[in-house]
Amino acid sequence: MTTDAGELLERVRAGGPVPRHVAIIMDGNGRWARERHLPRPLGHRAGMQAVRETVEASIAAGVGVLTLFAFSEENWNRPRTEIGALMGLLEEYIGRETEELRGNGVEVRALGDLTRLQPPAREALDRLIDATRGGTKLLLNLAISYSSRAEIARAARRLAEDVVQGRLALEDVDEDALALRLYTAGLPDPDLLVRTSGEQRVSNFLLWQIAYTELFITPVLWPDFSRLHLYEAILAYQGRERRFGRVTA
Ligand code: IPE
Ligand code: IPE
Ligand code: MG
């Protein structure tokens with residue numbers, strides 16, 4: 001770790017509550033590659049290193065839950081070759097990182113419509129989830145084939161099923177009941193949402209869960225994102241006043 005990162009980490013530790021849940025829209029791999037006259041998949045490959053750093057930095061900072069947007073349902077509309085490269089990288093990441101993740105006490109879960117994954121990617125993901133079950137240092141949610149609207153619609157359907165089947169009274173359909181049927185059931189909402197590459201939009205990510213989340217948009221492209229950037233984002237978060245609609249005390 002560079003002194004800079006160490007110093008920033010000390011400031012994070014002294015700076016007040018660390019976000020319990022950090023969510024990140026990992027964007028800008030394609031632009032990173034284009035700037036270097038490289039094919040887009042090499043940008044995605046470079047992004048893997050940023051994932052590794054971010055996981056380690058989250059553990060060091062004491063973040064409890066890290067949710068990474070890795071692949072959206074809309075991303076299925078990209079060229080087949082790019083999708084193939086991304087799925088290959090997912091398998092490679094899992095092959096390389098499972099032991100380290102397990103050793104570091106990381107529990108991995110996946111959010112999204114995993115039925116759309118090809119069997120090799122699906123099986124690798126299932127193995128990763130099995131291998132890391134019970135990790136207590138960090139919960140790492142990988143949003144893959146994820147759409148927030150699809151997640152909310154699925155939750156609504158499950159609520160309707162429970163009412164129709166007599167397992168739930170209509171009067172008990174409320175915010176908590178819906179939240180319990182999301183992929184994030186039982187988890188705290190993100191305190192901090194980071195988006196890299198400067199885009200000022202949420203791109204169908206965690207729409208329900210980010211109702212009162214603090215947003216941090218950085219122009220840094222995802223492959224360039226390092227532990228320093230995560231600590232900077234947390235420091236910015238610690239400087240915010242969260243009011244939740246109330247007036248300042
Ligand atoms: C983010 O980088 C990774 C995925 C969406 C899978 P992009 O591939 O979106 O990179 P840009 O936005 O084109 O630079
Ligand atoms: C959002 O990035 C999805 C992921 C980071 C996985 P996109 O690059 O797909 O989003 P848009 O198209 O810029 O909104
Ligand atoms: Mg993008």
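**View 1. Arg40 pairs up with Glu82 in a salt bridge, with 2.8 Å between the closest N and O atoms.** Arg40 belongs to helix H3 (residues 40-61) and Glu82 to helix H4 (residues 80-103), so the pair ties together parts that sit 42 residues apart in sequence. Helices here are DSSP runs of H or I with at least four residues, strands are E runs of at least two, and both are numbered from the N terminus. The count of salt bridges (a side-chain nitrogen of Lys or Arg within 4 Å of a carboxyl oxygen of Asp or Glu) comes to 24.

This is a predicted model, with local features needing pLDDT of at least 70 and side-chain atom pairs pLDDT 80 or more, while totals for chains, interfaces and linings use all residues. Residues are numbered from 1 along each chain as written, chains are lettered from A and ligands numbered from 1 in written order, and side-chain values use heavy atoms, leaving out hydrogens and water.

**View 2. Here's who surrounds ligand 2 (a heavy atom within 4 Å).** The shell includes Ile25, Met26, Phe69, Ala70, Phe71, Asn75, Arg78 and Arg201. By class, the shell has five nonpolar, two polar and four charged residues.

View 3. The distance to an N or O atom is 2.6 Å for Ser203, 3.2 Å for Asp27 and 3.4 Å for Arg195.

Technical notes: Polar contact = N/O pair within 3.5 Å; in protein donor to acceptor, adjacent residues only side chain to side chain. Nonpolar A, V, L, I, M, F, W, Y, C, P; charged D, E, K, R; others polar.
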